[in-house]
Amino acid sequence: MTSKQANITLQPADCGVGASAVPVLRKTVLVTGGTRGIGRAIVTKLVSDGWNVGFTYRSEASVADLFLQTLREGIMDSEQRVQAFAVDLASEESVRNLPAQVETHFGRLDALVNNAGLTDDGAFLTMDAARWQRVLNANFGGTARLTLAALPALLRQPDPSVVVVASLAGISGKEGQVSYATSKGALVGFTQWLGRRYGEQGLRVNAIAPGFIRTEMVNVLEPEMYDHILAATALKRMGEVAEVASAVVFLLSPGYLQGSTLRIDGGFKR
């Protein structure tokens, strides 16, 4: 399947019901970076829980298309909808237009899960500035731009919520990942500010900080690295993406948490 063909299958008219049959009561959530790892697990969990779900991908249209088909095959309610959106979070125009696209497709936007991000590991003292600036722009800049662009749509709903996927690295630091850890630490601060600024308007904002989670990113590590990291956790094991997804769903649910960062790290103690 070519990328062009994949994009054709992602059109609204091909999502189980006609474009005019937009449900007005089912809540809609947008998940960035929804085709792999933690993002994929979050999307799967939210669809299973009955949400209308939009998810973004940057370039792999065929991967998004196959995932979308799998999700639609598992949906039992003909009024539940799921859609993929090709978005470059480094592009201000692409990000600015995304919330309106989601509202046009689903009729509303109730929640946002900022999951998309990237890493570029290396010795920071010798790293070219363009490399770490790219990580900061993608992880913090992309999240901030999209969240601010989505605020008008979110605040039109009675119980809007934002969940930011930060990282344990943003709290405890990580050798060899200074730019990544810095960008994720910035997201923790952004979450606190956003929660204070818009709490009175009903917007709930919280973050999660996953630790060592079993994803494609950790599969490339040498076995001795696994032992070193797991030895620092109270549970002595890696976390699973489904456990992170469950935490996201918890934070999206109505509650008294605000501006908080929930660590999902198995009791990491270094």
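Helices here are DSSP runs (H or I, at least four residues), numbered from the N terminus. Their axes are lines fitted to C-alpha atoms over the stretch in contact, and angles run from 0 to 180 degrees between N-to-C directions. The model is predicted: local features need pLDDT of at least 70, and side-chain atom pairs count only at pLDDT 80 or more. Residues are numbered from 1 along each chain, and side-chain values use heavy atoms, without hydrogens or water.

Start with helix 4 (residues 92-106) and helix 5 (residues 129-155). Their axes come within 9 Å and cross at roughly 30 degrees. Helix 4 and helix 5 therefore count as roughly parallel (angles under 35 degrees). Helix 4 brings Glu92, Val95, Arg96, Leu98, Pro99 and Glu103. Helix 5 brings Arg145, Leu146, Ala149, Ala150 and Ala153.

Now turn to the rings. The whole structure holds 4 aromatic pairs (Phe, Tyr or Trp ring centres within 6.5 Å, using the six-membered ring of Trp). The ring centres of Trp193 and Tyr198 are 6.3 Å apart and their planes stand at 90 degrees, so this pair is edge-to-face (planes over 60 degrees apart). Phe140, Phe190, Trp193 and Tyr198 form one aromatic cluster. Tyr198 is buried, at 13% relative accessibility (under 20%, with a 1.4 Å probe and protein chains only). Trp193 is partly exposed, at 36% (between 20% and 50%).

Charges also sit over rings (NZ of Lys or CZ of Arg within 6 Å of the ring centre and within 35 degrees of the ring normal). Arg197 lies over the face of Tyr198, 4.6 Å from the ring centre. The charged end of Arg40 sits over the ring of Phe67, 4.0 Å from its centre.

Notes
Phe/Tyr/Trp six-rings, centres within 6.5 Å; stacked < 30°, edge-to-face > 60°. Helix = DSSP H or I, 4+ residues; strand = E, 2+ residues; numbered from the N terminus. Parallel < 35°, antiparallel > 145°, perpendicular 65-115°, else oblique. Contact = heavy atoms within 4.5 Å.
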